[in-house]
Amino acid sequence: RPSSALAIGPTQSTGGHVEGLIALQRAIETPISLLPVALVYGRQPAGLRRTVVDAIFGHRDAPGPLRELASFLWYHADTCFHVGEPIDLAAVMDRGLAPNDRSLAKKIRWSILHHLSREQQLRTGPIHRGAARTAQNVLHDRTLRDYMLAEADKGRPIADVEREAVGILRKIAADTNYTWLAILDVVLDRAWSRLYADIVIDREGLAKLRRAARKGAVVLVPSHKSHIDYLLLSQIFFKEGLMPPHIAAGENLNFPPMGMIMRRGGAFFMKRSFRGDRLYGVVFAAYVRRLLKEGHTIEFFIEGGRSRTGRLLAPRLGMLGMCVDPILDGSIHDVSFIPVHIGYER
């Protein structure tokens, strides 16, 4: 009937249901739509390691009854309900994407799972990897490996090159922590209430950003007039249910305790110039490429520094090139660049 609805889960155990809907669509004229629906509890990103809690009460993505109840009680005030774009079953069947109904049902299930996974990633961020795992992944970057092997051919032990690369990564890499983000949110709320009468957000622009983030990696390119810029933008993401971006910050800000606070808030640090330090530039580019591959949102200021007059400065294209290169070499499919204006005057 046109007004009927059926709820199923897009897992392997529901293959018969999807195949049944395909068979039903062949037999009736009424169009059938599949609607992805996600109910996301909490904001903590998932980790790679399996904990004792996971072993006893089930993984967060496949929880047991006790963990389901605990998640509801703990996170009910911070839960997001998302309805995705409907899938027109008849239109998918007309494309001839699979030789039989079973293969088509599998493709549809994986498509829905990918959509739901991407929606959860918008809220919690990609899987959390520790500093050691991140360094390991960056060291396996193809361009970085080629450079280190070239250095080894010149007579320098590759172990020494790797050790130097790891040291550079420790100075660069962010170490985002959700607890720190929540604390900073409270602190910034009090600061803004004293500094500003109101903060106005472009809701239409934010909706465009969400749509772009569902498709793939996103790079924010805001104007830069004040140190308030990156604090404000990250907090808006946090309050709107989006994982705050990784922010390219100047190495001059990496001093205690500010460096540690910013690193926990998502900042990664870079030198003002890479001239004379080829290894540093290759390691930094590999780190940026890794962030984009994992699906992190990146933020950098195309002017390079703050405008002292309020007018936009000439662009510096280094970071822009590092974000474009992974597309050109085929490492990632696409990147959306989002211009962002932050204004303080009327």
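P257 lies in the loop between β6 (246-250) and α12 (258-264), where helices (H or I, at least four residues) and strands (E, at least two) are DSSP runs numbered from the N terminus. The model is predicted, with local features needing pLDDT of at least 70 and side-chain atom pairs counting only at pLDDT 80 or more, while totals for chains, interfaces and linings use all residues. Residues are numbered from 1 along each chain as its sequence is written, and side-chain values use heavy atoms, with hydrogens and water left out.

**Exercise 1.** Determine the state of the peptide bond from P256 to P257.

*Solution.* The omega angle is near -5°, and the bond is cis.

**Exercise 2.** Describe how α8 and α7 each pack against α13.

*Solution.* Begin with helix α8 (residues 158-172), which packs with α13 at an angle of about 60°, the axes being 10 Å apart; axes are lines fitted to C-alpha atoms, for helices over the stretch in contact, and angles run from 0 to 180 degrees between N-to-C directions. Angles under 35 degrees count as roughly parallel, over 145 as roughly antiparallel, 65 to 115 as roughly perpendicular and the rest as oblique, and α8 and α13 are therefore oblique to each other. Their crossing is right-handed, a crossing being left-handed if the near helix is turned anticlockwise from the far one by less than a right angle, and right-handed if clockwise.

Next, take the residues in contact (heavy atoms within 4.5 Å). From α8, V161, E164, A165, I168, L169 and I172 meet L279, Y280, V283, F284 and Y287 of α13. These divide into 10 nonpolar, no polar and one charged, where Ala, Val, Leu, Ile, Met, Phe, Trp, Tyr, Cys and Pro count as nonpolar, Asp, Glu, Lys and Arg as charged, and the others, Gly among them, as polar.

Then turn to helix α7 (residues 142-153), whose angle with α13 is about 160°, with the axes 9 Å apart. That makes α7 roughly antiparallel to α13, and α7 passes α13 in a left-handed crossing. In α7, T143, L144 and Y147 meet R278, L279, V282, V283, A286 and R289 of α13, a contact of six nonpolar, one polar and two charged residues.

**Exercise 3.** Characterise the packing of α9 with α11.

*Solution.* Helix α9 (residues 178-195) and α11 pack at about 115°, with their axes 10 Å apart. That makes α9 roughly perpendicular to α11, and the crossing of these helices is left-handed. The contact involves Y178, L181, A182, D185, L188, D189 and W192 of α9, together with I228, L231, L232, Q235, F238 and K239 of α11. By class, the contact residues of α9 and α11 are nine nonpolar, one polar and three charged.

**Exercise 4.** Locate the largest cavity and state its volume and lining.

*Solution.* On a 1 Å grid over the protein atoms alone, a cavity is a set of points where a 1.4 Å probe fits but cannot get out, and lining residues have an atom within 4 Å of a point. The largest cavity has a volume of about 420 Å³, a volume being the space filled by probe spheres set on the points, which are joined across faces, edges and corners. It is lined by 33 residues, of which G125, P126, T176, H246 and H296 lie nearest its centre. The elements giving two or more residues to this lining are α5 (101-124), α6 (131-139), α10 (203-215), β5 (217-222) and α13 (278-294). Finally, sort the lining of the largest cavity by class: 16 residues are nonpolar, 12 polar and five charged.

Key: 1 Å grid on protein atoms, 1.4 Å probe; cavity = no way out; pocket = protein on both sides within 12 Å on 5 of 7 lines; lining within 4 Å.
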